[in-house]
Amino acid sequence: TVEEAAEMYGSDDVVFIDVRRPEEYVDGHIKNALFIPVDDVLGRIDELPKNKKLLFICAQGVRSGLACEMSAAMGIDSEKLYNIEEGTAAWIEKSNPTSYDVVP
């Protein structure tokens with residue numbers, strides 16, 4: 001849930017990954033999240049740290065769930081993969097750390 005993810009935010013062993021499209025990302029995203037659109041996850045799998053918990057987020061939990069499945073299929077330990085099912089709007093609505101900067 002967004003609440004569980006917010007409790008994990010800022011931990012050294014956690015990385016948030018936003019898998020939405022660029023036009024969605026600029027409308028607000030988790031502060032300091034990696035930005036890897038879901039269509040790019042397989043090609044950029046080496047950018048995901050293997051020794052940290054990976055929390056994927058999109059708009060409603062569908063694309064982030066797919067990103068979790070792809071990461072597991074590419075050999076990342078499924079125990080370290082999380083899908084924030086409520087999505088980015090819920091994260092922002094609950095006043096969690098958010099940025100509105102441009103696509104990196």
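Is Glu4 buried, partly exposed or exposed? Select Glu4 to start: this residue is partly exposed, with a relative accessible area of 47%. Buried means under 20% relative accessible area, exposed means over 50%, and partly exposed lies in between (1.4 Å probe, protein chains only).

The model is predicted, so to speak of local features a pLDDT of at least 70 is needed, side-chain atom pairs count only at pLDDT 80 or more, and totals for chains, interfaces and linings use all residues. Residues are numbered from 1 along each chain as its sequence is written, and side-chain values use heavy atoms, with hydrogens and water left out.

Next, select residues 2-8, which form helix 1, where Glu4 lies. Helices (H or I, at least four residues) and strands (E, at least two) are DSSP runs, numbered from the N terminus.

Now show the whole protein chain, which has four helices and six strands. Their order from the N terminus is α-β-α-β-β-β-α-β-α-β. The C-alpha atoms fill a box of roughly 35 × 25 × 20 Å along the principal axes. Colour by accessible area: 44% of the 104 residues count as buried.

Move on to strand 4, residues 53-57, where Lys53 is found. Lys53 is partly exposed, with a relative accessible area of 28%.
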